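This report describes one protein chain, from single residues to the fold as a whole. The sequence and the coordinates are shown first.

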Amino acid sequence: MPPRFLACVALAFFVSSPLRAADIADVQALLAREIIGPRLALEETKLYVDARVPRMPKVTTRAEWEHHARCIRIGVLARVVYKGTGIWRDHKGGVDWLGDVKGGPGYRVRKLRYEALPGLWIPALLYEPEKLDGKAPAALAVNGHEPVGKAADYKQIRCINMAKRGMIVLNPEWLGMGQLRAPGYAHGHMNQLDLCGASGLAPFYLGMKHGLDILLEHKNADPTRVCVSGLSGGGWQTILISALDTRVTLANPVAGYSGVRTRLAHFKDLGDSEQTPNDLAVIADYTHLTALMAPRPTLLTYNAKDDCCFESGYALPPLLDAARPVFALYGKEDALRSHVNRDPGDHNFGKDNRQALYRMIGAHFFAADKGFNADEIPTAGEVRTKEELDVELPKNNADFNSLALGLAKSLPRVPALPGEANAARRWQEEQRKRLGEIVEAAVYEVKAEKIGTREKNGMRATSWKLRTGDAWTVPAVELVQGEPKGTTLLVADGGRAAAAEAARKLLAAGQRVLAIDPWYFGESRLEQRDWLFALLVATVGGRPLGVQASQVTAAARWGAAEYKGPVAVVAVGPRASLFALVAAALETKAIRGVELHGSRGSLKEVLEQNLSVEQMPEQFCFGLLEALDVKQMAALVAPRPLRFGQPSKRVKEEMAGLKTWYATLGGDGDPLR
């Protein structure tokens with residue numbers, strides 16, 4: 001097929017045609033006809049995720065379990081927590097002590113800040129008994145989605161009570177909360193780091209890890225008695241650090257997590273970006289993390305009528321079922337305990353839940369103390385205001401966005417485009433393989449089911465269900481007016497029903513239009529908590545961008561076979577332009593060329609505009625910017641025609657020089673004409 005794509009596709013947008021232009025309302029009505037209904041995309045997403053979540057291994061000996069546990073810890077740390085962050089992992093951050101806050105009877109409060117990774121400082125408070133004689137238990141008290149962060153009254157009371165019992169307690173701020181409650185720390189922005197090939201989970205984990213370092217460097221800290229506790233997001237932090245860092249010897253996560261399969265049945269449990277990081281559930285579910293606590297004392301606290309998430313009735317049993325057999329292998333059944341709060345029973349770490357923690361601490365840290373009392377010690381007049389507890393932070397403290405922009409300066413890491421034809425083809429082959437691996441591209445076979453045909457004012461519309469592989473159903477509408485000269489596959493940010501104007505122009509140019517809605521768009525959208533399901537796809541090893549691009553390539557291969565010739569692709573909008581470009585870069589036979597309208601000139605614009613994963617999950621594909629930017633993906637389309645419709649200034653700047661590249665490969669295209 002000669003590279004004359006503009007002669008058959010771009011004409012639809014820029015050159016008049018003898019065919020009568022279809023009425024826009026007629027085109028829209030035909031495109032909008034329901035094919036798969038409002039729930040199928042969600043049900044298929046749930047099945048896709050569920051099939052990939054690892055189950056607990058069947059083990060009968062302690063040695064078997066310890067082998068699994070070692071593999072899980074190594075895998076999660078290397079392939080999830082620290083992926084792409086070697087320099088951060090080994091960073092020895094500083095600690096600045098910044099004076100004291102008035103404590104209460106028997107304890108003092110010291111202000112500090114510590115550097116979790118280069119340039120990112122965490123404010124914290126150290127609650128320290130006034131009289132420390134010998135070694136004392138240490139505790140990391142983390143908090144969750146609490147606007148006032150470390151100043152939350154129930155958290156202060158917990159810290160004070162542990163300090164009054166002779167414990168050294170660190171109360172750190174959590175990213176996005178309290179003093180770090182700013183747009184740059186919003187959890188959906190951690191995925192900017194993912195785009196750059198560095199784990200967005202790392203700052204969360206390193207914040208906790210360095211907190212433990214500070215505690216255990218205290219001259220009076222007892223390394224055999226180290227506790228972590230927290231509510232909600234603090235419960236998630238508790239299980240993550242405690243499962244992976246065996247320095248923790250007692251954990252009390254409170255209403256903080258449930259298994260991935262549980263979340264598929266209870267949507268209010270679907271967690272933010274940090275709870276569903278890329279590839280975690282390729283290696284371990286939260287059931288595994290709970291079992292990793294064995295044989296260390298673990299108290300799972302849940303609330304009976306939790307109005308936020310993780311209700312005890314459904315969240316707790318699967319975790320206990322997974323962990324109990326493992327604790328039993330050690331003869332430590334009693335070390336795994338649970339507590340259900342019924343009054344008030346809502347999302348809380350109130351007095352009843354705190355006293356359950358004190359009882360657990362008493363049983364395991366103060367077993368020899370016959371006078372230990374788990375009743376909460378009164379703290380009237382000792383809870384301080386947020387302002388009193390604020391810790392001075394450096395100006396321009398790093399956040400997710402500044403870290404990502406810093407990484408992006410040296411990206412992408414890809415060899416320059418060669419100037420010789422054979423070298424250029426080898427470059428394309430290598431980078432095409434790399435792109436496919438990054439987006440987790442799949443080669444789906446298509447089984448097409450014709451749903452029906454309608455005609456209206458000289459147009460014929462055929463509705464199709466394209467079953468791609470064993471996972472997805474893609475709705476498609478085939479539009480024909482007159483005798484088609486070729487076939488164009490049409491995708492759009494607003495879905496096919498919003499692409500009526502583009503479809504009308506393509507019809508007027510003599511094209512058969514195959515308008516599809518890939519996953520997450522149009523009729524394939526998820527009607528509730530859509531971006532949280534996108535995170536689930538990524539946590540089980542898929543990539544939203546790869547799913548979409550693979551559906552486009554599958555539809556293109558089917559279209560090429562069905563209509564006896566390669567198809568062109570037209571995309572409308574920056575999101576559709578990205579997955580269409582990836583599809584065209586990967587599929588060299590069935591896709592004869594691509595035209596992008598509204599495309600970004602660079603993935604760096606996602607960072608420069610400080611976008612969040614909630615807005616467009618597929619744009620944050622892990623490691624994509626590290627490997628290839630828009631220019632390099634565009635170079636993979638050559639010598640097949642590529643055009644940027646109404647290119648922005650950034651597109652023009654980034655694509656400069658591609659005309660020469662096309663000539664190197666024997667094409668005559670110019671993406672900017």
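K564 is exposed in this predicted model, because its relative accessibility of 75% lies above the cut-off of over 50% for that class. The residue is placed in the loop between α21 and β15 (567–572). Although K564 is not a glycine, its phi is positive, at about 60 degrees. N457 also has a positive phi without being a glycine, with a value near 50 degrees. This second residue sits in the loop between β10 (446–456) and β11 (459–468).

Two cis peptide bonds can be described in like manner. One runs from D343 to P344, with omega near 10 degrees, and P344 belongs to the loop between β9 (336–341) and α15 (351–365). Another cis bond links A638 to P639, where omega is near 5 degrees. P639 is found in the loop between α25 (630–635) and β17 (642–645).

**Helix α20 and its cover**

Helix α20 spans residues 530–539, and nine of its ten residues are buried, so the helix is mostly covered. The buried residues of α20 are W531, L532, F533, A534, L535, L536, V537, A538 and T539. Which helices are included in the cover of these residues? They include α4 (40–52), α8 (191–195), α11 (260–265), α12 (280–283) and α21 (544–562). After α20 comes G541, which has a positive phi near 100 degrees.

**Cysteines**

How many disulfides does a search of the whole structure find? The search returns one. A disulfide joins the sulfur atoms of two cysteines by a covalent bond. The partners here are C308 and C309, with their sulfur atoms 2.5 Å apart. The link of C308 and C309 is right-handed, with 70 degrees about the S-S bond. C308 is partly exposed, with a relative accessibility of 33%, while C309 is buried at 6%.

C159 takes part in no disulfide, since the nearest cysteine sulfur, which belongs to C227, is 10 Å away and a disulfide requires sulfur atoms within 2.5 Å. C159 is buried, with a relative accessible area of 0%. C621 is likewise in no disulfide; for C621 the nearest cysteine sulfur is that of C196, at 12 Å. With a relative accessibility of 4%, C621 is buried.

**Buried residues and their contacts**

The table lists the accessibility of three further residues.

| Residue | Relative accessibility | Class |
|---|---|---|
| N161 | 0% | buried |
| P129 | 3% | buried |
| R165 | 12% | buried |

N161 is part of helix α7 (residues 153–164). Apart from residues up to four places away in sequence, N161 touches Y358, D375, E376, I377 and T379. R165 lies in the loop between α7 and β5 (168–172). Setting aside neighbours within four places in sequence, the contacts of R165 are Y358, F366, F372, N373, A374, D375, E376 and I377.

P129 belongs to strand β3 (residues 120–129). Beyond its neighbours within four places in sequence, P129 is in contact with G106, Y107, R108, A163, G166, M167 and I168.

**The chain as a whole**

The secondary structure of the chain comprises 27 helices and 17 strands. The radius of gyration is 28 Å, which agrees with the value near 26 Å that a compact globule of 673 residues would have. Along the principal axes, the C-alpha atoms fill a box of roughly 95 × 45 × 45 Å. Of the 673 residues, 63% count as buried. Among contacts with a separation of 6 or more, 76% are between residues 24 or more positions apart.

The side chains include 85 positive and 76 negative ones, and 3 Å separates the centres of the two sets.

Technical notes: Residues are numbered from 1 along each chain as its sequence is written. This is a predicted model: local features need pLDDT of at least 70, side-chain atom pairs count only at pLDDT 80 or more; totals for chains, interfaces and linings use all residues. Side-chain values use heavy atoms; hydrogens and water are left out. Buried means under 20% relative accessible area, exposed over 50%, partly exposed in between (1.4 Å probe, protein chains only). Helices (H or I, at least four residues) and strands (E, at least two) are DSSP runs, numbered from the N terminus. Contact means heavy atoms within 4.5 Å. The radius of gyration is taken over C-alpha atoms; the globule rule is 2.2 Å times the number of residues to the power 0.38. Lys and Arg count as positive and Asp and Glu as negative; His and the chain ends are not counted. The place of a charge is taken as NZ of Lys, CZ of Arg, CG of Asp or CD of Glu.
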